[in-house]
Amino acid sequence: MRPLTEDETRTFFEKLSKYIGENIRLLIDRPDGTYCFRLHKDRVYYVSEHIMKRAANVSRENLISMGTCFGKFTKTGKFRLHITALDFLAPYAKYKIWVKPGAEQTFLYGNHILKSGLGRITESTNQYQGVVVYSMGDIPLGFGVAAKSTQECRRTDPMSIVCFHQADIGEYIRGEDTLT
């Protein structure tokens, strides 16, 4: 476990800022303690300093995880967010999409959101903006990328894609072996 390098930090924060913008500082400057991001086996973990100090006593080979996994770096150097970061992204999300009850299940199976399944969308959402996907009952279901802006969503036909799927809470079951 080690701190992120400057390039890794830039790549990681650019990805996070697509979803929560300048609210990244709220993840680090918390009133309940000091938190940081650490890299272990190409995965970025969000961990309190208290837990990090305790994890330092475990050898690298024996340490499986610590804190909350936010995602991992691919072999090409890109960062991919995991669904385990949803609990930290949802409260600070700038742009949101709500899906209708009939479209929730298709999203949770890993499909994109169509206009016919769109309940609401945050005003002034730009195309290719990171969004957090909610049910109509305000339960966070996952996150994705807006395929169309808010204005385009109003004029588009019902079978066009309005949000590209990135991750959903169904991945806890579908990909449980790859989340740790």
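Modeller: We'll talk about the domains, the contact between them and some salt bridges.

Biologist: What kind of model is this, and how are residues numbered?
Modeller: This is a predicted model, in which local features need pLDDT of at least 70 and side-chain atom pairs count only at pLDDT 80 or more, while totals for chains, interfaces and linings use all residues. Residues are numbered from 1 along each chain as its sequence is written, and side-chain values use heavy atoms, with hydrogens and water left out.

Biologist: How is the chain divided?
Modeller: Into domain 1 (2-85) and domain 2 (93-174), with bounds that come from an automatic or database domain assignment. Their centres, taken over C-alpha atoms, are 26 Å apart.

Biologist: How many residues does each domain give to the contact?
Modeller: Domain 1 gives 10 residues and domain 2 gives 17 residues, where contact means heavy atoms within 4.5 Å.

Biologist: And how much area do they bury between them?
Modeller: About 1,000 Å², with 57% of it on carbon and sulfur atoms. Buried area is the accessible area (1.4 Å probe) that two parts lose on being put together, summed over both.

Biologist: What about D7 and R10?
Modeller: Their side chains also meet in a salt bridge, at 2.5 Å from N to O. D7 and R10 are 3 residues apart in helix α1, so about one helical turn separates them. Helices here are DSSP runs (H or I, at least four residues), numbered from the N terminus.

Biologist: Last one: where does UniProt place the PUA domain?
Modeller: The unreviewed UniProt entry places "domain: PUA" at residues 95-170; such annotations may be inferred rather than shown by experiment.

Conventions. A salt bridge is a side-chain nitrogen of Lys or Arg within 4 Å of a carboxyl oxygen of Asp or Glu. Helices (H or I, at least four residues) and strands (E, at least two) are DSSP runs, numbered from the N terminus.
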